[in-house]
Amino acid sequence: MAILKRLIIMFMPVLLAGCYEDFTPKTFTTPVLCLNSLITAGQPIVVNVSHTWLYSDGNTNSEHKVSDATVTVYANGKIVDSGYLPAQGDKIKIEAESPTYGKADAEVTVPRAVIPVKLRVHPELTAAHKAESDEPLEMSANISFNISFEMDLADDTEVVNYYKVSHTGFFHSGNLYDEDDPWGWPSPPYSDFNPGSLKYEAEPIFSEHIGVFESIMGGDSYGFTFFTDRQFSGSEYTLHLRFLDCSYMVRSEKWDEEFLDCGYVITLHTVSKSYYDWANYLWQRDNGPLEEMGQIGLGEPLWGYSNVSTGAGVVAAEASVSFTVNLDEFLGKAISELK
């Protein structure tokens, strides 16, 4: 009998090894409506209505859109139509109702754009030389530089402001690339511009959301240009934007002022708290240590952010002001000194 007991114990792993099979666990969560909208002052409101789904159902939002939902938009308590353009300070409420997935609603106030007191520009030439060419070129240069922007902000103590900074570069391109040689350079005249890379650590306020623990664990502000006014409430603050490894090139047989039409568009967005909280959640999910600790069982799971009544989706708002900085004088001087 003792031998029989030992044999049963020995064969138990073999018996258990054959007990695995794929199955879909039963869930007790009913799909609900999900609302997403970024409301921009002066632009029509677009609302994306979908529903929640299981992770195993796929993660493409377009596959889960709700076609039977009725969406109603209120501005300052009154129903508005699709032609309504939200204004700064408007209180927007979005309601959606679906016979299949029920109801959902969210509210947000369109923030007021904050106009900086002053914007200062400091370009710094790092290298400049003429390009080698078989043709006589009156306007020919490869220019490398760094550039810094200082933006003075004055804070209003009556409201808590949330901000985001973005930028784009522009230039006069000239001729298109040769269709027979798409990887080669086009024939003169033409120009090209690389606005460089933003040095996030040059502006400490971009990392104000990073605590001591996150910092010790290697968290940084790379890719994050959101911030608040809590460090300069009721006073002024100078925002520093520094771009490194910028470059400009031009090839032209004759001097053409159009090719000096080159520079940056710097935009200061005033965003709603929901927009800021959503961006903060994304940073925690993608760059913070809490998400990793939750995945390995050393902390609580990091729950997604939502300001919709169903807990699914984000309704945010923004207003912005943009500044165009043309580098024509800086570039023209650098090119002239190469003649």
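**Entry 1. The model**

I am working from a predicted model.

**Entry 2. Helix α3**

I looked up α3 and found it at residues 273-286, with 14 residues. From its first C-alpha to its last it reaches 20 Å. That is close to the 20 Å expected at 1.5 Å a residue.

Next I asked which residues of α3 are buried. I noted three tyrosine and tryptophan entries to begin with: Tyr275, Tyr276 and Trp283 are among them. Tyr281 is also buried. The rest of the list reads Ser274, Asp277, Ala279, Asn280 and Gln284.

**Entry 3. The four-stranded sheet**

I then traced an open sheet of four strands. Its order is β4-β3-β5-β6, and the pairing is antiparallel. Which strands stand at the edges? I found β4 (78-80) and β6 (102-109) there. Each has a single partner strand, so one side of each is left without a neighbour in the sheet. Neighbouring strands are turned by 30° against each other on average, direction ignored.

I checked how β5 meets β6. Strand β5 covers residues 91-98, and eight bridges join it to β6. The two strands run antiparallel.

**Entry 4. Aromatic pairs**

I counted ring pairs with centres within 6.5 Å. The count comes to 13 aromatic pairs.

I took phenylalanine 193 and tyrosine 264 to start. Their ring centres are 5.5 Å apart. Their planes stand at 85°, over the 60 degrees that marks edge-to-face, so I logged the pair as edge-to-face. Phenylalanine 193 lies in strand β10 (residues 190-194), and tyrosine 264 lies in strand β14 (residues 263-271). The pair therefore ties together parts that are 71 residues apart in sequence.

Are these two residues buried or exposed? Phenylalanine 193 is buried, with a relative accessible area of 8%. Tyrosine 264 is buried too, at 0%.

Tyrosine 264 also pairs with phenylalanine 243. Here the centres are 5.4 Å apart and the planes are at 35°, so this pair is tilted. Phenylalanine 243 lies in strand β13 (residues 236-252) and tyrosine 264 in β14, so the parts tied together are 21 residues apart in sequence. Phenylalanine 243 is buried, with a relative accessible area of 1%.

**Entry 5. The cluster**

Last, I asked which residues the ring pairs link into a cluster. I listed Phe145, Phe149, Phe193, Phe243, Tyr264 and Phe330.

Methods: Residues numbered from 1 in each chain as written. Predicted model: local features only at pLDDT ≥ 70, side-chain atom pairs only at ≥ 80, totals over all residues. Heavy atoms only, no water. Expected span 1.5 Å × (residues − 1). Buried < 20%, exposed > 50% of the residue type's maximum accessible area, 1.4 Å probe, protein only. Pairing = 2+ DSSP bridges. Axes fitted to C-alpha atoms, helices over the stretch in contact; angles between N-to-C directions. Phe/Tyr/Trp six-rings, centres within 6.5 Å; stacked < 30°, edge-to-face > 60°.
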